[in-house]
Amino acid sequence: MSATARQNLNDQFTNPIRLSLMASLAGVDEIDFKSLKEVLDISDSALSKHSTALEEAGYVRIRKGYVGKRPRTWLSTSEEGRAAFTEHVAALRELTAGI
Amino acid sequence: MSGRPEGSPGAEAQLSALRGAEARLAGVQEQSRRRLAWFCTALALLIGAAHVIPAVFRPDVMLPAFLTAMGVYVVAVLALTWWYLRTRTATPLGGGRRYLIGLMATFALYAVSMLLMALPSRESWPVAALVGLVIAAPLVIAGWWRRS
């Protein structure tokens with residue numbers, strides 16, 4: 001197990017909710033807020049808080065729009081977020097290898 | 001960056017959370033793939049139909065029927081787009097790019113088919129229908145294409 005792997009862990013993703021959020025976003029081009037909330041099984045406020053934090057870190061994009069008169073919020077990963085998440089997961093796999 | 005101990009429960013718990021999220025996302029991914037595939041199929045067939053309509057309802061022979069068919073066509077395209085935008089909850093990974101490539105290829109074939117329509121010898125409707133299917137093919141394939 002390497003020190004590099006430990007260094008590649010990203011503090012933004014060590015929270016399980018943020019990690020699950022990034023994993024969900026990594027599996028789609030974009031997803032709406034309501035569906036993501038159901039996938040993660042968390043409250044609106046928790047999703048809003050964590051997605052905003054990741055947006056501020058430059059890892060998540062949040063797009064607000066309308067379908068008819070209904071407001072819809074869409075979330076996706078940025079290129080930087082995808083790269084950082086891939087690196088974090090690779091580090092996790094390296095750290096847990098052989099356990 | 002973090003300095004967690006090697007192989008700590010933290011890392012294992014994180015991987016467990018990761019696997020859980022991936023499993024829960026699978027249903028959303030499958031539904032979004034199917035929805036995009038059916039949307040692409042219906043839209044592609046409608047674009048193909050735009051080539052068939054003038055062959056069936058020749059505007060130089062039956063203009064009212066042609067205009068009515070084109071009106072129904074426009075309403076169908078708008079209704080289909082509205083349905084997709086309203087019911088879409090996620091876009092599958094790579095789906096947006098595949099859709100654009102498929103749509104551009106289908107429109108390119110449609111543009112080529114416009115040249116055929118300008119030829120002096122008119123197509124019969126079965127030939128036009130066959131050409132319509134060829135026009136639709138790229139977008140249908142793009143819709144159902146799965147990442148390996």
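Reply: The contact (heavy atoms within 4.5 Å) takes 39 residues from chain A and 30 residues from chain B. This is a predicted model: local features need pLDDT of at least 70, side-chain atom pairs count only at pLDDT 80 or more, and totals for chains, interfaces and linings use all residues. Residues are numbered from 1 along each chain as its sequence is written, chains are lettered from A in the order in which they are written, and side-chain values use heavy atoms, with hydrogens and water left out.

Between them, chain B and chain A bury about 3000 Å². Buried area is the accessible area (1.4 Å probe) that two parts lose on being put together, summed over both. Carbon and sulfur atoms carry 59% of it.

Now the polar side. The rule finds 12 residue pairs in polar contact across the interface, both at pLDDT 80 or more. A polar contact is a pair of N or O atoms within 3.5 Å; within protein, one must be able to donate a hydrogen and the other to accept it, and residues adjacent in sequence count only if both atoms are side-chain atoms. There is one salt bridge between the chains. It joins the side chains of B:R88 and A:E30 at 3.0 Å, N to O. The term needs a side-chain nitrogen of Lys or Arg within 4 Å of a carboxyl oxygen of Asp or Glu.

Which elements of chain B touch chain A? Helix 1 (9-56), helix 2 (63-87), strand 1 (90-92) and helix 3 (95-117) each give two or more residues. Helix 1 of chain B gives the largest share, 11 residues. Helices (H or I, at least four residues) and strands (E, at least two) are DSSP runs, numbered from the N terminus.

Strands meet here too. Two strands pair if DSSP finds at least two bridges between them. A:I31 has B:A90 as its bridge partner.
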